[in-house]
Every structure is written in C-alpha cells, then in structure tokens.
Amino acid sequence: MAQPTPLCEVKDIVQDFRRPSGQTLRVLDGVSLTVNEHEVVALLGPSGCGKSTVLRILAGLIPATAGSVSNQGAPLTGRNEDVAMVFQSFALYPWMTARENIEAVLRAQGLSEDKVKERTDQVIKVVGLTGFANSHPREMSGGMKQRIGIARAISVDRKLLFMDEPFSQVDALTAESLRSEVLDLWAPVDRNPSSILMVSHDIKEVVYMADRIVIFGTNPGRIRKIIDNHLPRPRDYRSPEFLQLVDHIHDIITGMELPDAAPLAAATPAGEIEQLPPVIPSEIVGLIEYLEARRGQEDVFRIATDTAREFGEIISVVKAAEVLDLVDTPKRLVVLTAEGRKFAKALAEERRSIWRSCLMSLQIFKTLHAMISRQPTHEIDREIVEETIILAMPHEDYARQFMTIIAWARYGNMLSYDETTEKVSLSEGNGTGNGGSHGSTPAPTVTPSA
Ligand code: ADP
Ligand code: MG
C-alpha cells in the first residue's frame with residue numbers, strides 16, 4: 001500500500017490549563033497523533049481525558065503548551081483553515097432558520113450572494129433538510145438540528161471534518177442513520193472532506209465509523225492504544241466481527257480503567273494518599289442499590305446503558321465505590337463486595353457507620369482524622385487540608401479533591417466543614433449526630449431505567 005499522506009499532526013504535545021485558583025492542571029502529556037488523507041480517526045476515552053482539547057489544538061483554536069502542531073507539513077499557527085467543525089451542542093443561532101444558519105457561515109467566507117444561495121441549496125438537499133430550510137432550531141429535533149450542523153460544516157468544503165461527540169444529543173435511531181450519511185459524504189476520494197477526526201464515548205459508534213480508534217487514558221490524558229479497524233464498509237452493527245471488535249475495545253478500556261488485580265485502595269502503597277474520583281456519595285449509593293437490585297452484579301457497559309450516563313462518568317462512580325471497597329471489578333463486571341452487600345441492606349444510620357469504616361481504611365481520612373485530633377480545638381483550616389492534597393497529588397485539582405473529601409466525610413458523619421470559617425472539624429461523637437453536615441441524605445442519582 002502507498003504511504004499515507006499526513007494532513008494534520010500533533011507531536012509530543014503537552015497541555016496545561018490554569019485553574020481559577022492559580023494551580024496548573026496537566027490535561028495532556030506526550031500525545032502524538034496524525035490524521036492522514038482519506039481516513040476516519042476516532043478518539044475514544046473517559047470524559048475529562050482531553051479528547052476535545054486534542055481536537056481544539058489540531059483545529060488551531062488553542063495553542064498547545066508544548067510540542068509541535070502541523071498541518072499539511074507546515075507548522076500550524078492560528079486557525080487551521082482546512083478544518084470544519086461539527087459540535088455536540090449543535091452551536092446554532094436560535095434566531096435564524098436552518099437556511100440562514102448555513103448562509104451565515106458561507107457569507108463569512110466572503111462568497112458572492114449567488115454562490116451562497118447555490119451552495120446552501122445544495123447542502124440542504126445533501127443532508128436531507130429539504131422542507132425544513134425555513135424552520136428554526138427550536139422547532140426541530142436533535143437529529144434535524146445536527147443535520148444543520150453537518151450541512152454548515154460541509155458547505156465550506158474543507159479537507160478535514162472534525163466532529164466532537166456529534167450524535168450524543170441525538171436519539172439512537174437517528175444517530176445510526178446520521179453516521180452512515182456522514183460516511184456517505186466522506187466516501188468519495190475526489191471530494192471533501194478527505195478525512196474525519198471525531199470524538200466519541202460510544203464504542204459501537206467508533207467501530208462503525210473509524211479506520212483508526214485512538215484510546216485515551218486519563219490523568220493526564222495520554223494515548224493508551226491505537227486500534228486499526230479494517231472491517232469492510234458498510235459495517236453491520238450485528239455482525240460477529242463487529243461485535244468481536246466492540247468487545248475487544250470494551251476489554252481494553254475496562255482493563256485500563258478498572259484494574260482487576262487488587263482494589264485501587266489496596267494498590268496504593270502504605271502511607272500514600274489515594275486520589276478520590278470526584279463523585280458525590282449519592283451516586284455511589286445509587287450504584288450500590290442498582291447492583292443490589294441485580295443480584296449484586298452487572299456488566300459495566302450495561303450499567304452505563306441502563307442509567308443513560310456517559311461511560312466515563314459511570315467509570316468514575318465505579319472507581320469511587322471500588323476505592324471504598326464496596327465493589328470489585330473482575331473483568332467487565334462490577335460486583336458488590338461483602339461490605340457492599342451489607343451496605344445495600346442496611347438502614348440509613350447503619351449505612352453511615354459502614355461508610356465511615358470504609359473511609360477510615362483510606363489513608364487520606366486516617367491522616368486528616370489524626371491531624372485534626374492533634375489540634376486542641378479539634379479543627380483545622382481548609383488550607384492545611386488542601387496543602388496535604390497538593391503535596392500528595394500535585395497534578396490533581398486540589399479544590400475538587402477537597403470538596404470530594406468533604407462530601408464523602410459528611411456522608412459518613414466523620415468530618416464537618418464550615419463554609420464561613422473555612423474550618424474542617426471532626427463530627428463523630430460530638431453529640432449532634434449530624435455534625436453540621438449539609439445535604440447528607442442522599443437521593444440516588446444513578447437511576448436504572450429498566
Ligand atoms: P474530554 O473531551 O475528553 O471530556 P476535555 O478536553 O474537554 O476532555 O477536558 C480535559 C480536561 O481539561 C478537563 O479536566 C477540563 O476540565 C479541562 N479543561 C478543558 N478546557 C479547559 C480550559 N479552557 N481551562 C481550564 N481547564 C480546561
Ligand atoms: Mg469533550
């Protein structure tokens with residue numbers, strides 16, 4: 001086969017963001033990726049791993065902190081003029097009709113009024129918007145709105161089509177047909193777009209669409225694995241080869257995100273502080289109750305489907321429950337531990353005490369408990385807790401970790417935090433039983449739909 005012709009490329013990029021607190025967060029570290037002519041590349045990974053950031057860097061919307069970015073062999077400075085974008089949020093002007101939304105983009109390109117009309121008519125036909133040209137976005141379904149988004153992107157006739165979770169706001173059936181329609185637009189080699197770079201968290205979607213599937217891991221975002229997908233097109237979601245590849249990718253992601261050896265907490269060397277997934281207790285409780293209703297176990301992908309949650313979010317909730325030792329994750333399964341089953345069956349007060357003993361097996365809570373106990377006033381400043389977090393996890397968002405720690409500790413009636421004085425104190429055994437904890441009665445937010 002002939003050498004592929006590179007279109008756009010990042011090499012060894014690093015991306016740091018500054019938090020409002022002034023702290024730096026490393027979002028991408030050492031990411032290299034090339035999009036060649038005539039291919040569909042998909043970025044897959046949990047939310048927050050930096051997929052959209054890679055897309056924005058390649059589109060020239062933001063500069064990378066370090067590393068090189070190029071387009072057609074030349075270093076990229078400023079916007080990448082070869083890229084047209086389709087957004088998850090559609091990004092339409094609500095006061096304009098479908099037609100006007102497309103025309104606005106073409107006019108901004110400096111096209112003559114005749115050309116604007118001609119191209120608009122053309123793309124409206126191509127994406128199946130005929131009859132809806134004069135409707136406003138608010139009168140249209142998600143699928144129709146995204147047709148405008150796609151029409152707008154292809155109307156400008158660029159080599160590269162970038163799509164950031166384009167079908168996640170569209171119902172499943174419509175998403176299926178839009179995927180194949182987009183591939184029909186891409187297929188002719190003598191016409192733009194030459195290549196597609198897309199972000200998705202839907203494994204079936206990327207197996208259907210992509211020639212190359214780039215799997216990201218998080219904290220900071222790195223490429224974990226690139227999978228070449230040679231399944232013949234058009235692909236069949238139900239063929240054994242298709243399902244096999246979906247399964248294979250499932251296993252890679254779960255193997256990566258849910259190490260099935262030892263629970264995360266136990267894998268942390270003694271004395272080291274564990275990172276807590278930024279999940280509120282009610283979500284963990286929701287997961288435990290969901291599992292209890294399913295005889296104590298379920299496939300992690302099934303959980304994501306049942307709860308209509310993004311896969312990355314479910315992974316965080318599962319990890320959080322695993323850190324607490326309430327679940328185990330052999331392979332793709334999420335299974336209640338003995339402690340998890342006990343928790344599921346317990347009443348509110350007993351749940352709190354089980355929760356508290358789970359917390360006390362984690363280093364961060366042991367450390368804080370000891371630190372606070374040593375104080376004559378039995379309280380410490382928020383700043384001191386945050387310093388402890390920063391020293392243990394320099395890459396973490398410490399403000400977010402702090403709020404997670406407090407939320408978990410409040411639910412276990414272990415620590416209290418006073419927002420006005422910014423002091424953290426022990427709440428167990430202080431006689432009030434509820435130690436100033438706010439909103440500590442959880443309403444399960446992981447609600448099974450079936
Ligand atoms: P993904 O698309 O994989 O969900 P993103 O690329 O959107 O992830 O974001 C990765 C991380 O970078 C997240 O933690 C997000 O909060 C952070 N981030 C993204 N953009 C900015 C920004 N402009 N300023 C600060 N942090 C950002
Ligand atoms: Mg994103």
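Is Arg179 buried or exposed, and what is its relative accessible area? I looked this up and found Arg179 buried, at 7%; buried means under 20% relative accessible area, exposed over 50%, and partly exposed in between (1.4 Å probe, protein chains only).

**Ground rules.** I am working with a predicted model, where local features need pLDDT of at least 70, side-chain atom pairs count only at pLDDT 80 or more, and totals for chains, interfaces and linings use all residues. Residues are numbered from 1 along each chain as its sequence is written, chains are lettered from A and ligands numbered from 1 in the order in which they are written, and side-chain values use heavy atoms, with hydrogens and water left out.

**Salt bridges.** I counted 27 salt bridges in the structure, each being a side-chain nitrogen of Lys or Arg within 4 Å of a carboxyl oxygen of Asp or Glu. Back to Arg179: its side chain meets that of Glu205 in one of them, at 2.9 Å from N to O. Arg179 sits in helix α5 (residues 172-186) and Glu205 in helix α6 (residues 203-209), so this bridge ties together parts 26 residues apart in sequence. Helices here are DSSP runs (H or I, at least four residues), as are strands (E, at least two), numbered from the N terminus. Glu205 is buried as well, with a relative accessible area of 4%.

Next I checked Asp16 and Arg26, whose closest N and O atoms are 2.7 Å apart. This bridge runs from strand β1 (residues 6-18) to strand β2 (residues 24-36), with the partners 10 residues apart. Asp16 counts as buried at 18%, while Arg26 is partly exposed at 29%.

I then turned to Arg351 and Glu289, again a salt bridge, with closest N and O atoms 2.7 Å apart. Helix α13 (residues 348-359) holds Arg351 and helix α9 (residues 281-292) holds Glu289, 62 residues apart.

**Aromatic rings.** I found 7 aromatic pairs, where rings of Phe, Tyr and Trp (its six-membered ring) pair if their centres lie within 6.5 Å; planes under 30 degrees apart count as stacked, over 60 as edge-to-face and the rest as tilted. Tyr208 and Tyr237 are stacked because their centres lie 4.5 Å apart and their planes are at 5°. Both of these tyrosines are buried.

What about Trp355 and Trp408, and at what angle are their planes? The planes are at 70° and the centres 6.2 Å apart, so I noted the pair as edge-to-face.
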